[in-house]
Amino acid sequence: MEIASAFKRRGLLYVLSSPSGAGKSTIARKLLDSDDGIALSVSATTRPIRPGEVDGRDYHFVSDDRFQAMVDEGAFLEWAHVFGHRYGTLKGEVLKTIERGRDVLLDIDWQGTQQLKQVDPDIVRVFILPPSMEELERRLRTRGTDSDEVIARRMERAAAEISHWAEYDYVLINNNADKCCELALNILKAERLKAGRRVFLHDFVRQLIG
Ligand SMILES: Nc1ncnc2c1ncn2[C@@H]1O[C@H](COP(=O)(O)OP(=O)(O)OP(=O)(O)O)[C@@H](O)[C@H]1O
Ligand SMILES: Nc1nc2c(ncn2[C@@H]2O[C@H](COP(=O)(O)O)[C@@H](O)[C@H]2O)c(=O)[nH]1
């Protein structure tokens, strides 16, 4: 048996959650730049596009009617109401990627994470905490993408989001984005090596030890 085929495996689902502004997208971008084996799941959303965002790259921006049609068609692995809009993970895109042996990075909230855990108990869940609530608000303001009203709404929801931290497998404090990304990358590498994910290794080891 060839070693390459012995190491072949289905991709894993790697979830990042946090209160809005703690740095998920920043960590996600760095992770995707540092590792070729993982691809971003681009969600669908009904929220308006922000300046600088690109349809199809950051999200698939859709109308309420279109989102509902997609729900009815069973297009989502999970979906949820977040900050007054709907967001969902596209089933087809994710399944195609993991079947090819590539991992998928999902930037989704705690509601979506709970739903995904039901679908795939092997998901890896990482929660990112801000160093303080003051710093969280400062980050939302300096990002400069949201109105005062939107920022106030996100800050109001932050404590409720954070209350779900203990449901996750790993918790990181994002003091420093580079360090946080390094830890997120270490988690990914260790998870890939877990024996339970190495179903194809059974044949290899049997041949190795006779
Ligand atoms: N460690 C850090 N130190 C200082 N600023 C940071 C750090 N990490 C991220 N930021 C900045 O904080 C702002 C919010 O980060 P980001 O957009 O990644 O958050 P998010 O969790 O993805 O938010 P949302 O849930 O709203 O999409 C950005 O301007 C980003 O550059
Ligand atoms: N359950 C899901 N949550 C999602 C999805 N895509 C994004 N999100 C979460 O929504 C908030 C707000 O995001 P923003 O881009 O408007 O700032 C954030 O917590 C995301 O993680 C999804 O497909 N499902």
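Reader: Which residues touch the most other members of the largest nonpolar core?
Author: They are Tyr 14 and Val 15, in a core of 32 residues. A nonpolar core here is a set of buried Ala, Val, Leu, Ile, Met, Phe, Trp, Tyr and Cys residues joined through C-beta atoms within 7 Å. Please note that this is a predicted model, in which local features need pLDDT of at least 70 and side-chain atom pairs count only at pLDDT 80 or more, while totals for chains, interfaces and linings use all residues. Residues are numbered from 1 along each chain as its sequence is written, and chains are lettered from A and ligands numbered from 1 in the order in which they are written.

Reader: What does "buried" mean?
Author: A residue is buried if 20 or more other C-beta atoms lie within 10 Å of its own, exposed if 12 or fewer, and partly exposed in between, with C-beta atoms placed from the backbone.

Reader: Is strand S8 enclosed or open?
Author: Strand S8 (residues 124-129) is largely enclosed by the rest of the structure, because five of its six residues are buried. Four bridges join S8 to strand S1 (residues 13-17), and the two run parallel. S8 also runs parallel to strand S9 (residues 170-173), again with four bridges, and Val 126 stands opposite Tyr 170 in S9. Two strands pair if DSSP finds at least two bridges between them.

Reader: Let us change topic. What is the order of the strands in the open sheet of four?
Author: The order is S4-S3-S6-S5, with mixed pairing. Strand S4 (60-61) and S5 are the edge strands, each pairing on one side only. S5 and S6 are antiparallel over six bridges; Trp 79 stands opposite Gly 88, and Val 82 stands opposite His 85. In the hairpin of S5 and S6, two residues lie between the strands, and Phe 83 has a positive phi near 50°.

Reader: Now the ligands. How many residues surround ligand 2?
Author: There are 16, and the closest are Ser 43, Ala 80, Tyr 87, Ile 108 and Gly 112. A residue is counted as near a molecule or strand if its C-beta atom, placed from the backbone, lies within 6 Å of it. Strand S5 (76-82), strand S6 (85-90) and helix H5 (110-119) are the elements that give two or more residues to this shell. By class, the shell around ligand 2 has five nonpolar, six polar and five charged residues. Here Ala, Val, Leu, Ile, Met, Phe, Trp, Tyr, Cys and Pro count as nonpolar, Asp, Glu, Lys and Arg as charged, and the others, Gly among them, as polar.

Reader: And which residues are closest to ligand 1?
Author: They are Ser 20, Gly 23, Ser 25, Thr 26 and Arg 139, out of 14 that surround ligand 1. H2 and H6 each supply at least two residues of the shell, which has two nonpolar, nine polar and three charged residues.

Reader: Which residues does the UniProt "binding site" annotation cover?
Author: The unreviewed UniProt entry gives Ser 18, Pro 19, Ser 20, Gly 21, Ala 22, Gly 23, Lys 24 and Ser 25. UniProt positions are in the numbering used here, feature names are shortened, and annotations may be inferred rather than shown by experiment.

Reader: Is Lys 24 buried or exposed?
Author: Lys 24 is buried, because 23 other C-beta atoms lie within 10 Å. Lys 24 lies in helix H2. Pro 19 is found in the loop between S1 and H2 and is also buried, with 26 other C-beta atoms within 10 Å.

Reader: Finally, why does helix H3 lie largely in the open?
Author: The reason is that one of the 10 residues of helix H3 (residues 64-73) is buried. Gly 74 follows H3 and has a positive phi, near 75°.
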